[in-house]
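Here is a short briefing to read alongside the model.

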Amino acid sequence: MATVAAHALRADARRNLERILAAAGEVFAEQGFEASVADVAARAGVGTATIFRRFPTKDDLVAAVVEARVGDLVAAASRAAASDDPGAAFRAFMETAVVRLAGDRGFCEAAGSQLYAVPCLHGLHLELIGHVRTLVRRAQESGDLRRDLVAEDVPVLVRAIAEASAIAERARPGAWQRYLDLVLDGLRPAAATRLRRSAPSPRDLERAFGALPPAAP
């Protein structure tokens, strides 16, 4: 009987964790990280004490949600990097990333915060950039992408499209598609002109995403 009771408790704890993470994902997507743990608890149908038993601080809860979001992008980039059509794969990944950020206020806010300094998120971010680097290289080799684009440009472009689209979405749902198409057209080799600034380095990107302290003036 004790074994059955312990198993039931573990199953109940797992269900609570799943409900908490699902609720936190929804609440942070809608309200950003200014939402409170009480908001998450109300959505999950649990008490705040239940959340704090699993996540000692709100930052721990936020990091868990962002880790899941970045993990989804890592998986999407990995699948795209194995595609037989490099140009289509790059465009598909860009669309996936823009959709994820444009519809998730919290995930969009995560870029530039100190979250990416958290070891698990930092590691996932580096893994994501590795897959994006493969996507960029293969699309350039196939003649589908301008040669001066670097992998570190991609997260910045994705966030820029997502944030610009968030404004237009209020008037016209689906506006992200227009801005994504405009950017993708500008990334074609035929549209390339000499860029006025050099490409960001990997360390520049880590600073931009809050994984490293800002550069000294």
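pLDDT is the predictor's confidence in each residue, on a scale from 0 to 100. It applies here because this is a predicted model. The protein chain has 10 helices and 0 strands, and its mean pLDDT is 86.

**Confidence**

- In the protein chain, 90% of the residues reach a pLDDT of 70 or more.
- Among the elements, helix 2 (residues 37–44) has the highest mean pLDDT, 96, while helix 10 (residues 202–208) has the lowest, 75.
- Over residues 1–9 the pLDDT stays under 50, and the model has 0 contacts beyond four places in sequence for this stretch.
- Where pLDDT is low, the predicted coordinates should not be read in detail.

**Overall layout**

- Read from the N terminus on, the elements of the protein chain run α-α-α-α-α-α-α-α-α-α.
- Taken along the principal axes, the C-alpha atoms of the protein chain fill a box of roughly 70 × 40 × 35 Å.

**Annotated regions**

- An unreviewed UniProt entry places the feature "domain: HTH tetR-type" at residues 14–73.
- Over residues 14–73 the chain is 82% helix and 0% strand, with the end C-alpha atoms 24 Å apart.
- UniProt, again in an unreviewed entry, places the feature "DNA-binding region" at residues 36–55.
- For residues 36–55 the figures are 75% helix and 0% strand, and the end C-alpha atoms are 13 Å apart.

**Helix 4 with helix 5**

- Two packed helices are described by the angle between their axes and the distance between the axes.
- Helix 4 (residues 58–81) packs with helix 5 at an angle of about 165°, and their axes are 9 Å apart.
- Helix 4 and helix 5 are therefore roughly antiparallel to each other, and helix 4 passes helix 5 in a right-handed crossing.
- On the helix 4 side, the contact is made by Asp72, Leu73, Ala76, Ala77 and Ala80; helix 5 contributes Ala89, Phe93, Thr96, Ala97, Arg100 and Leu101.
- By class, the residues of this contact between helix 4 and helix 5 divide into 8 nonpolar, 1 polar and 2 charged.

**Helix 5 with helix 8**

- The axes of helix 5 (residues 86–102) and helix 8 (residues 153–168) come within 9 Å and cross at roughly 50°.
- That angle makes helix 5 oblique to helix 8.
- Helix 5 passes helix 8 in a right-handed crossing.
- From helix 5, the contact uses Phe90, Phe93, Met94, Ala97, Val98, Leu101 and Ala102; from helix 8 come Val154, Leu157, Val158, Arg159, Ile161 and Ala162.
- The contact of helix 5 with helix 8 has 12 nonpolar, no polar and 1 charged residues.

**Helix 8 with helix 9**

- Helix 8 and helix 9 (residues 176–186) have axes that come within 8 Å and cross at roughly 145°.
- The crossing of helix 8 and helix 9 is right-handed.
- Leu157, Ile161, Ser165 and Ala168 of helix 8 meet Trp176, Tyr179, Leu180 and Val183 of helix 9.
- The residues of the contact of helix 8 with helix 9 divide into 7 nonpolar, 1 polar and no charged.

Key
Residues are numbered from 1 along each chain as its sequence is written. This is a predicted model: local features need pLDDT of at least 70, side-chain atom pairs count only at pLDDT 80 or more; totals for chains, interfaces and linings use all residues. Side-chain values use heavy atoms; hydrogens and water are left out. Axes are lines fitted to C-alpha atoms, for helices over the stretch in contact, and angles run from 0 to 180 degrees between N-to-C directions. Helices (H or I, at least four residues) and strands (E, at least two) are DSSP runs, numbered from the N terminus. Angles under 35 degrees count as roughly parallel, over 145 as roughly antiparallel, 65 to 115 as roughly perpendicular and the rest as oblique. A crossing is left-handed if the near helix is turned anticlockwise from the far one by less than a right angle, and right-handed if clockwise. Contact means heavy atoms within 4.5 Å. Ala, Val, Leu, Ile, Met, Phe, Trp, Tyr, Cys and Pro count as nonpolar, Asp, Glu, Lys and Arg as charged, and the others, Gly among them, as polar. UniProt positions are given in the numbering used here, feature names are shortened, and annotations may be inferred rather than shown by experiment.
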